[in-house]
Amino acid sequence: MEKSAKQVKETMKNDGKKVKIYTTSTCPWCMKTKEFFKENNVKYEEVNVGTSEDARNEMFQKSGQLGVPVVDANGTIIVGFDKDALKKALGI
Amino acid sequence: MYDTIIIGAGCAGLAAAMYAGRLNMKTLLIGDNIGGTITLTDVVENYPGFIKLTGQELADNLRNHAEAYNIEKSEAKVTKIKREHNCFIVETNESKTHQSRTIIFATGTEWRKLNVPGEKEFANKGVHYCALCDGAVYQNRIVAVVGGGDSSVKEALLLSQFASKVYILVRREKLRGEPINNQRADNNKKIQVITNINLKQIKGDKVVKSVQLDRELNGSNELKLDAVFVAIGHNALSQLAKDVDVKVNDKGEIIINRESKTNIPGFFAAGDVCDTVFKQAITGVAEGVSAVYSAYTYVNENEFICPIGNDDMVNIKNAK
């Protein structure tokens with residue numbers, strides 16, 4: 001069966017690397033980070049720390065701080081929108 | 001060789017880029033944060049032509065308008081400006097140099113710090129400078145905004161959407177927000193304005209737990225809370241300009257005239273980095289457009305001798 005466009009796109013992403021982003025609904029740097037992921041075809045999971053206490057606790061546990069965004073790129077924790085750090089962690 | 005290099009891609013820089021494009025100037029816009037500070041503003045209600053839009057929407061509109069013309073863009077960070085003969089050489093963190101006949105300097109500002117114990121230690125752990133960025137992290141918690149200007153009131157109004165209680169701590173005897181925003185704060189049951197008060201210290205363990213005040217409030221100098229949002233103004237990012245002898249005032253803001261000219265020929269400035277008293281997106285874009293017209297006139301009226309051949313771009317390492 002021919003692969004759908006979506007399936008083809010999935011295979012391009014991340015090479016098995018897990019990317020999770022902790023955000024709030026208003027944060028401009030979170031939006032810039034997600035745009036960066038889209039531009040670079042990075043598949044990510046998003047959790048909102050403004051609406052989930054569990055997500056807030058998890059973010060604090062991983063990063064030791066409460067600023068957003070926080071990206072967990074396969075175990076590498078990146079605080080803020082740091083293009084160079086993201087590129088390095090994701091091998092872009 | 002560019003006719004102008006615009007340094008800074010906030011409202012003023014984007015407006016300048018748009019007009020430089022219209023005037024057919026060979027233009028390079030350099031900015032590592034396209035859109036600039038306005039993107040950190042929730043709601044903009046004072047930009048003529050738009051009754052209400054978000055800061056990001058305004059930035060996107062200005063960017064699209066600039067990109068409708070033939071300009072070049074770089075998301076690098078400028079590390080140095082040099083002046084040789086009557087040309088400018090701009091170096092970036094990407095190890096590139098660019099030459100230009102003129103500079104339009106629109107780097108904006110950075111947040112001013114409180115400089116109290118605990119501020120650095122608890123940065124991002126309860127000390128924040130942008131409610132739109134981090135405010136929603138404090139859902140149903142107690143927060144304070146420090147500062148008495150309009151930005152402080154707007155930050156408090158935004159925070160009241162998330163927090164259970166918002167104090168505004170004002171050093172002077174009254175709040176100096178725009179009347180419309182002061183009224184909104186007055187009507188907001190979550191917001192309490194406390195005047196004639198100074199924050200002395202920020203305390204906590206892993207995160208902020210309280211602040212020490214210089215006078216008693218409800219019988220104690222200590223106010224329990226979860227976060228402090230600092231909104232006490234901005235410092236001009238003018239160092240790169242000062243390095244080429246551009247004159248600044250005692251606040252470090254670049255002194256410009258009505259044509260956005262500085263004391264250095266060919267060096268123009270616009271936006272929040274300048275000594276304009278009322279700093280708004282609308283005043284910044286106006287200065288940006290004035291700066292471009294001045295640069296356009298200057299380019300047409302002068303002969304230029306520039307130091308490094310005719311290349312637009314020279315790798316520093318190779319050039320040495």
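The following legends describe close-up views of a predicted model with two chains, A and B.

Figure 1. Chain B has an average pLDDT of 94, with 96% of its residues scoring at least 70. Within chain B, residues 310-320 have a pLDDT below 50, and this stretch makes 17 contacts in the model beyond near neighbours in sequence. For chain A the mean pLDDT is 87, and 83% of the residues reach 70 or more. Residues 1-12 of chain A have a pLDDT below 50, and this stretch has 2 contacts beyond near neighbours in sequence.

**Figure 2. The contact between chain A and chain B.** Chain A contributes 13 residues to the contact, and chain B contributes 17 residues. On the side of chain A that touches chain B, 6 residues are nonpolar, 6 are polar and 1 is charged.

**Figure 3. The two assigned domains of chain B.** Domain 1 is assigned to residues 2-110 together with residues 234-319. Domain 2 is assigned to residues 113-230. Taken over C-alpha atoms, the centres of domain 1 and domain 2 of chain B are 34 Å apart.

**Figure 4. Packing of helix H1 against helix H2 in chain B.** Helix H1 covers residues 11-22 and helix H2 covers residues 55-67. Their axes are 8 Å apart and form an angle of about 25°. Because this angle is under 35 degrees, H1(B) counts as roughly parallel to H2(B). The crossing of the two helices is left-handed. From H1(B), the contact is made by Cys11(B), Leu14(B), Ala15(B), Ala17(B), Met18(B) and Gly21(B). From H2(B), the partners are Leu62(B), Arg63(B), His65(B) and Ala66(B). By class, this contact has 7 nonpolar, 2 polar and 1 charged residues.

**Figure 5. Packing of helix H1 against helix H7 in chain B.** Helix H7 covers residues 281-301. The axes of H1(B) and H7(B) come within 7 Å and cross at roughly 35°. The crossing of H1(B) with H7(B) is right-handed. On H1(B), the contact involves Cys11(B), Ala12(B), Gly13(B), Ala15(B), Ala16(B), Tyr19(B) and Ala20(B). On H7(B), the residues in contact are Ala281(B), Gly284(B), Val285(B), Glu287(B), Gly288(B), Val289(B), Ala291(B) and Val292(B). The contact of H1(B) with H7(B) comprises 11 nonpolar, 3 polar and 1 charged residues.

**Figure 6. Packing of helix H4 against helix H5 in chain B.** Helix H4 covers residues 150-159, and helix H5 covers residues 179-186. The two helices pack at an angle of about 40°, and their axes lie 10 Å apart. H4(B) passes H5(B) in a left-handed crossing. Asp150(B), Val153(B), Lys154(B), Ala156(B) and Leu157(B) make the contact from H4(B). Asn181(B), Asn182(B), Arg184(B) and Ala185(B) make the contact from H5(B). This contact has 4 nonpolar, 2 polar and 3 charged residues.

Figure 7. Pro69(A) is located in a loop of chain A, between helix H3 (53-63) and strand S3 (70-73).

**Figure 8. The backbone at His85(B).** His85(B) has a positive phi of about 50°, although this residue is not a glycine. In chain B, His85(B) belongs to the loop between strand S6 (78-84) and strand S7 (87-92).

Notes
Residues numbered from 1 in each chain as written. Chains lettered and ligands numbered in written order. Predicted model: local features only at pLDDT ≥ 70, side-chain atom pairs only at ≥ 80, totals over all residues. Domains from an automatic or database assignment. pLDDT = per-residue confidence, 0-100. Contact = placed C-beta atoms within 7 Å. Nonpolar A, V, L, I, M, F, W, Y, C, P; charged D, E, K, R; others polar. Axes fitted to C-alpha atoms, helices over the stretch in contact; angles between N-to-C directions. Helix = DSSP H or I, 4+ residues; strand = E, 2+ residues; numbered from the N terminus. Parallel < 35°, antiparallel > 145°, perpendicular 65-115°, else oblique. Left-handed = near helix turned anticlockwise from the far one by under 90°.
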